[in-house]
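Hi,

Here is the structure I promised to pass on. Have a look at it first, then read my notes below.

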Amino acid sequence: MSANNKVYLDNAATSPLDERVIDAMCDVMKTTYGNPSASHSIGRSARAVVETARKQIAKSISASANEIIFTSGGTEADNMALRCAIHDLGVSDIITSPIEHKAVLDTALQLEADGLATVHLVNVNDKGDVDLQHLSELASKHKGALISLMHANNEIGTLLPYQKVAEIAKENNCLFHSDTVQTMGHYHLNVEDFGADFLTCSAHKLNGPKGIGFLYVRNTAPIKTMITGGGQERSHRAGTENVIGIVGLAKALEIAFEHVVEEEQQIQNIKSYMREQLLEHVEGISFNGREESDKSLYTVLSCSVPPTNNNDLLLFQLDIEGICCSGGSACNSGAAKGSHVLEAIGHPTDRKALRFSFGRFTTKEDVDQAVSVLAKLVDKTVARV
Ligand SMILES: Cc1ncc(COP(=O)(O)O)c(C=O)c1O
């Protein structure tokens, strides 16, 4: 529980800054104000800070420094991968899934609406697993396409068997982009093992600052640029670099990778504990996505609450009681905008989905508090027929 008596279980939306990240950024704020493009010594020292961070990040995922392009975060990195594949690499087909983050899905659909690409959606089942047979068929029909499939779904946590996807991509001469925003720093990702041409990262999902991330671009995918107006990032992304954010991102990743195995175990235990407690105390609760720990992101637990008299108010009531989490519903009428992910996996429209997501600072006491509040709210309002 945090100092303000709130229980924060929304780490997949954003995560609190680690003190060590704050310290690293404060040091740079105090000492390094130069423009990295300036040729004088003050500029050169800012350039050195940026390039040191780039090298460190690249090394941590076994990439080369020139394969890392700093961006304003995950959304921009996803946009860059898709748009540059179309504009610079001669791609005209995008194979993606209906449960991607909107940064991918809306971008793909916009490219299609602009007449620049054709989008093919691969089937997913009710757990959020991609149908690999269908993916294979689509890839062999549209050789040379860009396959864009996220590593872990941010709403329900289902993990992608990325090596199989990379094989399918290779067999069909396709490019492979994976949105790794929810997993970079949470697993020890390695670009060789992953086999993708593009990976995306956002610092604020791993206890780093908002507004900074990167796109990993394999050297064999020579993209040009999405943002013009300067020669920064080797002309791939114009604009004066966010030096403070870059330092924060590098520090956040360094800390994450340092204890990645222990932290995975610790957070997985919290998730399993919450699952057990919810089953024990909230009648009729069920879970979305995969149950197996090797098929589900350990930081996300998506639940499905039985119909209550006030489904729409549940999140609001949890918030009043100091529990911060996310929620969604599958809309049936199309009148209210529901979650496209829940809709695609066929989540019942009369049940409320709640996403609890955990991080480095989550405790068992947080879980106890959240379960006790939710159990009371559901018990009071469960629809009696
Ligand atoms: C899977 C996924 N991709 C992309 C993004 C967007 O990242 P950012 O907030 O850094 O733009 C998010 C954030 O919610 C996400 O969960």
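Before the strands, one term: two strands count as paired if DSSP finds at least two bridges between them. Keep in mind that this is a predicted model.

Let's start with β3 (residues 93–96). Four bridges join β3 to β4 (residues 118–121), and the two run parallel. In that pairing, Asp93 sits opposite Thr118 of β4. β3 also runs parallel to β5 (residues 146–148), with three bridges joining them, and here Ile94 faces Leu146. Between β3 and β4 you can look for helix α4 (residues 102–113): β3, α4 and β4 make a right-handed β-α-β unit.

Now the side chains. In a regular strand they alternate between the two faces of the sheet. In β3, Asp93 and Ile95 point one way while Ile94 and Thr96 point the other, and all are buried.

Four of them form an open sheet in the order β9-β10-β13-β12, with antiparallel pairing. β9 (286–288) and β12 (326–328) are at the edges with a single partner strand each, so one side of each has no neighbour in the sheet. From one strand to the next, the twist averages 35°. Three bridges join β9 to β10 (residues 300–305), and Ser286 stands opposite Ser304. Helix α9 (residues 260–281) packs on this sheet, touching β9, β10 and β13 (352–357), and its direction makes about 10° with that of β10.

Last one: how many residues of α8 are buried? The count is 14 of its 16.

Cheers

Notes: Residues numbered from 1 in each chain as written. Predicted model: local features only at pLDDT ≥ 70, side-chain atom pairs only at ≥ 80, totals over all residues. Buried ≥ 20, exposed ≤ 12 C-beta atoms within 10 Å, placed from the backbone. Right-handed = clockwise from strand over helix to strand, strands pointing away. Axes fitted to C-alpha atoms, helices over the stretch in contact; angles between N-to-C directions. Contact = placed C-beta atoms within 7 Å.
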